[in-house]
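Please look through the sequence and the model shown below.

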Amino acid sequence: MKNSEITGLSKEELVAKIAEEKENLSKLKFAHTISAIENPSRIAKVRKDVARLNTELTKVKNTESATETK
């Protein structure tokens, strides 16, 4: 997932996407534990996507709180 795609998402979409990606990550980890998956680097990619989404969610929350205090 590209950063340009992430920045265009709303707060609700970010929360939904984080939940979806975390579920995907847990499925990948489980599949890799049972038997080796074809491309184990996908786990790292999904984990980084979750981190990017969390970072953007934090940015959105901070901008909302900054506009509320003004």
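Residues are numbered from 1 along each chain as its sequence is written, and side-chain values use heavy atoms, with hydrogens and water left out.

**Confidence and helices**

- Helices here are DSSP runs of H or I with at least four residues, numbered from the N terminus.
- Confidence is lowest in helix H1 (residues 3-7), with a mean of 90, and highest in helix H2 (residues 11-34), with 96.
- Where pLDDT is low, predicted coordinates should not be read in detail.
- The expected span of a helix is 1.5 Å times one less than its number of residues.
- The 24 residues of H2 should therefore span 34 Å, and this agrees with the 35 Å between its end C-alpha atoms.

**Buried residues and cores**

- A residue is buried when its relative accessible area is under 20%, exposed when it is over 50%, and partly exposed in between (1.4 Å probe, protein chains only).
- In H2 the buried residues are Leu14, Ile18, Glu21, Leu25 and Leu28.
- H1 and H3 are among what covers these buried residues of H2.
- A nonpolar core is a set of buried Ala, Val, Leu, Ile, Met, Phe, Trp, Tyr and Cys residues joined through side-chain atoms within 4.5 Å.
- The largest nonpolar core consists of six residues: Ile6, Leu14, Ile18, Leu53, Leu57 and Val60.
- H2 and H3 are the elements that give two or more residues to this core, and H3 gives the most, with three residues.
- Apart from its neighbours within four places in sequence, Ile18 is in contact (heavy atoms within 4.5 Å) with Leu53, Asn54 and Leu57.
- A second, separate core has five residues, including Leu28, Ile37, Ile43 and Val46.
- In soluble globular proteins, nonpolar side chains tend to be buried together.

**Salt bridges**

- A salt bridge is a side-chain nitrogen of Lys or Arg within 4 Å of a carboxyl oxygen of Asp or Glu.
- The count by this rule is six salt bridges.
- One of them joins Glu64 and Lys11, whose closest N and O atoms are 3.4 Å apart.
- This pair links distant parts of the chain, since Glu64 is in helix H3 and Lys11 is in helix H2, 53 residues apart.
- Glu64 counts as partly exposed because its relative accessibility is 31%, and Lys11 is partly exposed too, with a relative accessible area of 28%.
- Glu23 forms a salt bridge with Lys27, the closest N and O atoms being 3.3 Å apart.
- Both Glu23 and Lys27 lie in helix H2, four residues apart, which is about one turn of the helix.
- Glu23 is at 44% relative accessibility, so Glu23 counts as partly exposed, whereas Lys27 at 52% counts as exposed.

**Buried charged residues**

- Lys and Arg count as positive and Asp and Glu as negative, while His and the chain ends are not counted.
- Glu21, in helix H2, counts as buried because its relative accessibility is 11%.
- Glu21 forms a salt bridge with Lys17, with the closest N and O atoms 4.0 Å apart.
- Because Glu21 and Lys17 are four residues apart in helix H2, about one helical turn separates them.
- Leaving out neighbours within four places in sequence, Glu21 is in contact with Val46, Val50 and Leu53.
- Glu56, in helix H3 (residues 41-69), is buried yet has no salt bridge, and the nearest side chain of opposite charge, Lys59, is 4.1 Å away.
- Beyond its neighbours within four places in sequence, Glu56 is in contact with Ile6, Thr7 and Leu14.
- Asp49 also lies in helix H3 and, at 4% relative accessibility, counts as buried.
- Asp49 and Lys2 are 47 residues apart in sequence, and their C-alpha atoms are 8.6 Å apart in space.

Methods
This is a predicted model: local features need pLDDT of at least 70, side-chain atom pairs count only at pLDDT 80 or more; totals for chains, interfaces and linings use all residues. pLDDT is the predictor's confidence in each residue, from 0 to 100.
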